[in-house]
Each structure stands twice: as structure tokens, then as C-alpha cells.
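Please look over the sequence and the model shown here, and then read on.

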Amino acid sequence: MFAFCTDPSTLDTFRWFSCYLTNGAHFLFYQSFLVVFALLAVTAPTSLAFGFIAAAASRSHILPISWLGKIYTAMVRGVPDIVFFLFFVLVLDQAIEYLRHQVTCPDWTEEIRQGANFLVCPEARTPSGNAPQWVHEIYGFALAVFTYAIVFGAFCGNVLYGAMQAVPRAQLETAEAYGMSRRQVFWRVLVPQMWIYALPGLSNIWMILIKATPLLFLLGIEDIVYWARELGGSRTSAYQYPHPDWRFWYFLALLVFYLAFTRVSEIVLARLTIRLSRGQATAGGEALRKAAA
Amino acid sequence: MTCVEAFNAYALRSLGMGERMLPTADIGFCEQAVLIGSGLIWNVYFGLLALTFGFFFAVALAVAKNQPARLIRKPAEWFIFIFRGSPLFIQFFMAYEAFVMLPRVGIEFTLLGVEIAAETRWFSRAWLGALIVLFFNTSAYAAEIFYGALRAIPRGDLEAADAYGLSGWKKFRRITFPTMMRLAWPSYTNEAIFLFHATALVFFSSFPAFQQRGDALYYANYFADRTFNPFVPYPIVAVYFVLLTLCIIALFGLINRRLNRHLPQNQRPRLRIRPQVFR
């Protein structure tokens, strides 16, 4: 990056590091932090939406719908989530290819599952065999995001269902007494009040979600863990910047990054709790009212 | 291969006994169920030992975090923050890299009359290295739970202890500790479940599976890669873990009953099982 970087072997330590840390591979490493943020930015709202739908479905008066919602939220309990991650990515991939196969090649006669192989017609390959590299990467990332959303959606659903139950019954009864329909009670009374009850659970899930991001590596995404391993591995003098095995230091950097990230999240969430407590019929809201008076 | 043959060949495969080669062709249901079950031995090993050792360390950490003296409180706070604030996955990676960097030394010593030749190389093996990481990790999480319980002990109980002339160790052992356990137990049950689930990460992080001796998920992933059919091995793992979780809930439920045996029936806290995801 800098002009003096043409021959790193002649540089002193400080300049050597300023060149080393700004070379092309390191910029890819820094970019991969954006992958983490992108994952969080997409996953958090999606899983919240999944969870909201699941929680609303669990409260439904139509039995099959409420069963669906409950089964979905109960599904994730009792099983390590890493199992779900590995499972869903493969299942989604195969399901998409299978559906496209049914649509695009109806007259394909061969079996799809042949022993250890999963063969669909060439048109149904997703992404198609000759697609550029970035399409493959985006597709892989989208699958990963969807998997995260399914798993964390179940957790959000659990929390939101609890929050909906926690809204004082009297509030809903009052709304009904005013002649509101079920739909109106849900949107005008229940939903605005449930967030403060959901917040402790949701912030817990957010923390877990942050700490789940390195698992992207297991799904084959080139994320920060991938680059830390890649860049940290020892380099012989054949390379421009030879160094011994530095993977420990790279992982230390990641550790510090995650510690900082969770700490900042904690502080922001604490503020949000105060903000949402305003005007609520809870101990926190009461304390705010007293402080203001 | 019949189910009996599969059982004989692979039941202890994860410990290195039985058939050397993993099944490669014609993989039936029995091979998968037996081999994955064999891998579960490692999950139980990691979970049980980390939980047992971690319990005592966690109590010590929680008490340390509750001390007014900065010199004792701060290290405990930092330990808990570092292990709770960072992903277990990264901790595994880091620990492995750190253990690999250790100089290779062997020490011989006698423990209870048995000659043991300990090597630092053991640290980079999963059975010791991953166990240490899990031990520290669960200690930090449990310590936070115990600390919360310590703060929640009713003031009246402690004042009553003072009034009876109890102090120091006696007060801790008779009043503080039992009440702390009683309050913390439901959350601690969740932590235990959580820890057993976290053991599935061991061979997926950097600790290599020596001679393909892996845990349940390691074998499940092996089968999913081989057969390209995730619908058999992963549900098997799921069923095994659900059974393991039920065992933990049953065991911890018994302890919970014992801890609350002095309370009237309707005031006993129920265990609410809310396992969290991972760390």
C-alpha cells in the first residue's frame, strides 16, 4: 500500500508491519468482518420475523396452526444447534435442487438418489455449473443466512410467545370490553406492550447470535475464522512476508473483537431497556416515573 | 453387515477398539446408529468431567466476584467476562494454537503409587485440551449463575445467621451455600444441558480426531458426507442428544427436589428447561 513496501525484507519492524497489515490478503480479511455484520444485519430481523409468526401462530385458536407454531419452537430444544446448522444447509440445498428438477425436467427418468449420489438434471443445478464464482458465494451465504434465521427464529418464537403471555390479562380484557376485535386487540394492545417483556430474552438471543457467527466457517463461508487460519499459517521465505505460525495471534485478535462487540451490545441493550420501560406497568417503568417526579 | 456385527465392530470404535476402518460402502442404518452412539461416549466424557470440575471452580469464582476486595474481585470478573463474552468456537481454536506452541517436554511423576509419564503434547489432544477449554467455559457461565444467586439470597436469612452467631466458613457452609444452590439450580440445569450440547463442537473446531476417534457429530458428519443423505445421521444425533438431555433433566430434577425438601409442596420452584443455543 505504501511506497516503501516494494521490498519488505529490508524494512524495520514497524514499517514491515505497516506493510504486512495493509497487503491485499489482509484487506480481504478486513472485508470478511463485513460478512459477520452482514450476517447479523440480515439474520436478526429475519429470525425476529420468523419468531413473531411462530409466536402468533402458537396463540392461534385454530388447532393445526397453533400446533405448527409450537412444534417449530419446540424443535430446536434438546438438540445441539450445530446439528441443525449442518443439517439444514444440506437439506435446503437438496430441496431447492429437487424442486427445480421437478419443474424444469419433468421427463427425467433416472433416480435422483443413486446410492451415495444426489443427481438432478443439469438445468436444475443450483447455482448452474457455469455460474461465476461470486454467484456460488452469494448462494452459499444465502443458504447460511436462511439456516441461521430458521434456528434463531425458533428461539425468538419461544421468547415472544412468553412475552405475549406476560402482558397483563387485564389490559386485553379492557380492550375487549371497549369492543375491539381479536385482531385489533392483538395489534393495538398486545404487540405494543409485549416488547419490554421480550427484551431480556431477545437480548440474550442477540448475544448468542453474535457468538454463533464464527460457525459460518463450518458452513464453508470465507469468514473471519477462515481468513485468520489462512493468514496466520506459517509462511516460508518464498513468500513476500515470511513469518512463523501466527494463528494464535490472529485468533487472539478475533477474541478481542468479539469481546468488544458483546460489551458494546450489552451497553446498548441496557439503554434500550430503559427506553422501553418508559410508561410501562413494570417495576422498571415505575422507577423511571419516580425518578422523573 | 447385520446389526449385531455392526455393534461388535463399532460399539467402542470412538475409543479405538474394534474395526479400524470406518464403513465406506453399503452403509446401513445399524452402522450409523452404532457408530454415532459410540461417538456419544466422548460427549458424555467431556460433559461429565467439565461439569464436575467446573462446579467447584464456579463456586469459588462466584464467591470471589462477590468479594469487596478489588484484588480478588477483578480477576474473577475478567475471567468470567472473557469466557462468557467470546464464542466457544474461537476459544477452542485459540487454545489449540496455544497448546501446540508449548515446548515439548515430558515429566514423570508418581501419583498414588502409579508411575505416570506426562507430556505437554497431551494438551494438544482433544481429551485434555478440549476438556480444559470446556472446564473454563462452563466455570465462567456457572459462576455468573451462582453469583446472581448469591446476590439474591434473602437478607433475612443472612441476618438470622448472624443472630445465631454463625460467621465465616460455618455461615457459608450452612446458610449461604445451600441457599445459593437452591436459587441457582434451575438455571444451572440449563447450563448443564447447554454444556453437553457444546461438547458437539470439540471435533469441529481445531482439535483433530486422532485415528478417526470422534464424537457423535463427527461420525454423523462423516456419514452425511459419505451418503450425501442428511436425513439419517443427523436425526440419529438429534435423538441421542434428546435422550441425553432427558437424562440430565431427570438427574438434576432429583437434586432439585432434595435441595428444596424443606419447603412446602406448593412453594418448591419447578425446573423450567430453557436450553440456550451455544456460546
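## Fold of chain A

Read from one end of its sequence to the other, chain A of this predicted model follows the pattern α-α-α-α-β-β-α-α-α-α-α-α. The chain therefore holds, with helices and strands taken as DSSP runs, ten helices and two strands.

Among contacts in chain A between residues at least 6 apart in sequence, 61% join residues at least 24 apart.

## Confidence

Chain A has a mean pLDDT of 83, and 95% of its residues reach 70 or more. Within the chain, confidence is lowest in strand β1 (residues 113–114), at a mean of 68, whereas it is highest in helix α6 (residues 169–177), at 91.

## Overall dimensions

The radius of gyration of chain A is 25 Å, while a compact globule of 293 residues would have one near 19 Å. Its C-alpha atoms fill a box of roughly 80 × 70 × 30 Å along the principal axes, and 28% of the 293 residues of chain A count as buried.

## The nonpolar core

The largest nonpolar core has 133 residues, and those with the most contacts inside it are A:Val83, B:Phe92, B:Phe146, B:Ala220 and B:Val237. Helix α5 (residues 133–166) of chain A gives the largest share of this core, 16 residues.

Leaving aside neighbours within four places in sequence, B:Ala220 is in contact with B:Ile36, B:Pro233, B:Tyr234, B:Ile236 and B:Val237.

## Where the chains touch

The contact takes 32 residues from chain A and 34 residues from chain B. On the side of chain A that touches chain B, the largest share, ten residues, comes from α9(A), and by class this side has 23 nonpolar, three polar and six charged residues.

Conventions: Residues are numbered from 1 along each chain as its sequence is written. Chains are lettered from A and ligands numbered from 1 in the order in which they are written. This is a predicted model: local features need pLDDT of at least 70, side-chain atom pairs count only at pLDDT 80 or more; totals for chains, interfaces and linings use all residues. A nonpolar core is a set of buried Ala, Val, Leu, Ile, Met, Phe, Trp, Tyr and Cys residues joined through C-beta atoms within 7 Å. A residue is buried if 20 or more other C-beta atoms lie within 10 Å of its own, exposed if 12 or fewer, and partly exposed in between; C-beta atoms are placed from the backbone. Helices (H or I, at least four residues) and strands (E, at least two) are DSSP runs, numbered from the N terminus. Two residues are in contact if their C-beta atoms, placed from the backbone, lie within 7 Å. Ala, Val, Leu, Ile, Met, Phe, Trp, Tyr, Cys and Pro count as nonpolar, Asp, Glu, Lys and Arg as charged, and the others, Gly among them, as polar. pLDDT is the predictor's confidence in each residue, from 0 to 100. The radius of gyration is taken over C-alpha atoms; the globule rule is 2.2 Å times the number of residues to the power 0.38.
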